Amino acid sequence: MVETVVMLKPRSEWRPGMTTEQLKTELNNVVKLPGVANAWVMPIKTRIDMLATGIKTPVGVKIAGPDLKVIEEIGGRIEQVVKQAPGTASAFFERVTGGRYVNIDIDRVKAARLGLNVQDIQDVINTAIGGMNVTETVEGLERYPVNIRYPQSIRDSLDKLTLLPVVTPSGARIALGDVTEISIQDGPPMIKSENARLNGWIYIDTDERDLGSYVSELQARVREQVQLPPGYSVAWSGQYEYMVRAYERLWIVGPVTLMIIILLLYINFRSLPEVLIIIGTLPFALGGGAWLLYLMDYNLSVAVAVGFIALAGVAAETAVIMLVYLNLALNERLRKLKQSGDPLTLNDLREVVVEGALVRLRPKTMTVTVIIAGLLPIMLGTGTGSEVMRRIAAPMVGGMVSAAILTLIIIPAVFLIWKNLRLEQINKELFLTREVST
């Protein structure tokens, strides 16, 4: 792994029309190293991802199984499948085999004949080949260890290693090959394990695609083109793992929260139709947020979901207040009609709806203006964390416009239609109430 931190200039100094994605594309065209795949990610975010999942790219594939050679074959096939998928900026399978090791097997019988024990021979190997720190040099505030070992010219081949001198307790000088068998063998450069199983990891960097649809497509391609032997499994990790966990929680918290809201609304109104009016018209309020996300080319993410949850809460609150004012206006009109003895007509309902909606016009306009004015600095900001905050604020900004239309137009219209359908029933109740009063 070669890590380089690129310090970006302020966006005001970028070329006109330059975006982060275009910058990554240009860097990919310039920075090309054989055998190395580029992954352009934020340093701090990468540290957090590596600590939590071990994957330092937006998407990672963890292949688990009992045999590293089979894991190597599976990883190579998945790497080729991933590279062919649209939206893949880079894919690199970290090879779990291919390391070269010098094995020195000590012949204990031969060593014993010469008066040597295993520790004596290992000390020679450790010092001559691996090196030994004999002292430390201090240069100001810097400290450097001093390591002594044989020159590279002596350590660069098996034949030369075989001829390394070993001094016996009797003072005789023998070759290392006289008491050992030296060979080069293949092996894993690094062994990774997770959940007590051997692992091989694939690092994937995405290009202008949301993680959800991208990983779903990759999973389908891998299922179709890569057959896993028994005992082997594939797990998708990285930032995608966070997203899956968040969506799983939202699928639980969302319906539970909705049921609690419906219960609270029913306790407040004691009327199921009014609760259905609020819940049924709520998607219209969320439409403005969806349109603004589409215009700003934002993908669905956890931050966007949080913004929609906040928008739904504000839209439901304003719809409740509108229904309260409409009911107050209707009750006041029914009180006057009860005194005059006249029935409630459709024109009366229209006047009630206009009167109740007009009372809410100024407060609703002020609410929308204040919320949008408060969120605009977040939408226009470019500081640290602004990318996440903009995705939280975008549904609120766009949704407040549609929520205002919902509260001032849709809710009164639905209320008028509902009360018009119950007009006969309302007049019967009004007539009975008048008789009881008489």
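Helices (H or I, at least four residues) and strands (E, at least two) are DSSP runs, numbered from the N terminus. The model is a predicted one, in which local features need pLDDT of at least 70 and side-chain atom pairs count only at pLDDT 80 or more, while totals for chains, interfaces and linings use all residues. Residues are numbered from 1 along each chain as its sequence is written, and side-chain values use heavy atoms, with hydrogens and water left out.

We begin with a pocket. On a 1 Å grid over the protein atoms alone, a pocket is an open set of points where a 1.4 Å probe fits, with protein on both sides within 12 Å along at least five of seven lines, and its lining residues have an atom within 4 Å of a point. The second largest pocket holds about 810 Å³ of space, a volume being the space filled by probe spheres set on the points, which are joined across faces, edges and corners. Its lining consists of 20 residues, and G254, L286, F308, I309 and A312 lie nearest the centre. At least two lining residues come from each of α9 (239–269), α10 (272–296) and α11 (302–340), with α9 giving the largest share, nine residues. By type, 17 of the lining residues are nonpolar (Ala, Val, Leu, Ile, Met, Phe, Trp, Tyr, Cys or Pro), three are polar, and none is charged (Asp, Glu, Lys or Arg), where polar covers the others, Gly among them.

Next comes the interior. A nonpolar core is a set of buried Ala, Val, Leu, Ile, Met, Phe, Trp, Tyr and Cys residues joined through side-chain atoms within 4.5 Å, and buried means under 20% relative accessible area, exposed over 50%, and partly exposed in between (1.4 Å probe, protein chains only). The largest nonpolar core has 32 residues, of which I278, L323, L326, L330, L344, I411 and F415 touch the most other members. To this core α9, α10, α11, α12 (346–359), α14 (386–421) and α15 (423–437) each supply at least two residues, and α11 gives the most, twelve. L330 is in contact (heavy atoms within 4.5 Å) with L344, L349, V352, F415 and K419, leaving aside residues up to four places away in sequence. Another core, of 25 residues including V59, I71, I78 and V215, lies apart from the largest one.

Finally, we turn to a loop. Most residues other than glycine have a negative phi. Between β9 (192–194) and β10 (197–206), however, the loop contains N195, whose phi is positive, near 55°, and A196, whose phi is also positive, at about 65°. N195 counts as exposed because its relative accessibility is 70%, and A196 is exposed with a relative accessible area of 82%.
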